[in-house]
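Reader: I would like to go through this model and ask what lies behind each description.

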Amino acid sequence: MLDLIKTFLTQGASREHRRPEALTLQIAAAGLLLEVSRADFNVGEDELKVIAEALKQQFGFSEEDTQTLLELVLAKDEDMVSMHPFLRMINDHFTPEQKCRIVEDMWRVAFADHSLDKYEEAQIRKIADLLYVPHKDFIRAKLRMQEAVKKS
């Protein structure tokens with residue numbers, strides 16, 4: 001797994017891969033979640049914990065695999081120029097329900113510190129639009145996460 005992650009992060013997603021490995025898609029999802037955490041220019045520990053939990057729940061990653069992925073993506077984060085390879089991979093291979101789940105996970109990341117930064121919200125809106133997630137699903141996910149934050 002470690003070799004596949006390193007290959008993806010160094011070479012990027014290739015258009016030649018018609019059916020990418022599941023891990024490649026999972027890396028793309030992790031990349032988008034990290035984009036939300038970076039939006040307010042402060043990647044907090046709470047946000048990283050939420051991202052790790054989302055990866056474990058959605059993809060069944062082990063604790064070790066999750067930490068390895070996050071460390072590598074964060075290390076490579078400064079060199080990343082665009083999130084569009086991630087978006088393309090997800091748009092080509094995820095179902096509408098899976099895309100909605102990513103948007104909900106992005107809201108979880110944004111609310112991890114119990115506040116919503118305007119830059120985080122703008123980033124989620126941008127990504128949701130680029131994933132072709134209907135606005136009603138975008139709003140529903142936001143409201144669910146706001147309610148969860150109020151209860152905690």
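**Helices and their contacts**

Author: This is a predicted model. Its protein chain has 8 helices and 0 strands, and from the N terminus on the elements run α-α-α-α-α-α-α-α.

Reader: How do you know that the span of helix H3 agrees with its number of residues?

Author: Helix H3 covers residues 45-59, which is 15 residues. The expected span is 1.5 Å times one less than that number, so H3 should span 21 Å, and its end C-alpha atoms are 21 Å apart, which agrees. Just after H3, glycine 60 takes a positive phi of about 75 degrees.

Reader: What makes a residue of H3 count as buried, and which ones are buried?

Author: The cut-off is under 20% relative accessible area. In H3, Glu47, Leu48, Val50, Ile51, Ala52, Ala54 and Leu55 are buried. Over the protein chain, buried residues make up 44% of the 152 residues.

Reader: What makes H7 and H8 a contacting pair, and which residues meet?

Author: Contact means heavy atoms within 4.5 Å. On the H7 side are Glu121, Ile124, Arg125 and Ala128, which meet His135, Phe138 and Lys142 in H8. These residues divide into 3 nonpolar, 1 polar and 3 charged.

Reader: At what angle do the axes of H7 and H8 cross, and is the crossing left-handed or right-handed?

Author: The axes of H7 (residues 118-130) and H8 (residues 135-151) come within 10 Å and cross at roughly 145 degrees. The crossing is right-handed.

Key: Residues are numbered from 1 along each chain as its sequence is written. This is a predicted model: local features need pLDDT of at least 70, side-chain atom pairs count only at pLDDT 80 or more; totals for chains, interfaces and linings use all residues. Side-chain values use heavy atoms; hydrogens and water are left out. Axes are lines fitted to C-alpha atoms, for helices over the stretch in contact, and angles run from 0 to 180 degrees between N-to-C directions. Helices (H or I, at least four residues) and strands (E, at least two) are DSSP runs, numbered from the N terminus. A crossing is left-handed if the near helix is turned anticlockwise from the far one by less than a right angle, and right-handed if clockwise. Ala, Val, Leu, Ile, Met, Phe, Trp, Tyr, Cys and Pro count as nonpolar, Asp, Glu, Lys and Arg as charged, and the others, Gly among them, as polar. Buried means under 20% relative accessible area, exposed over 50%, partly exposed in between (1.4 Å probe, protein chains only).
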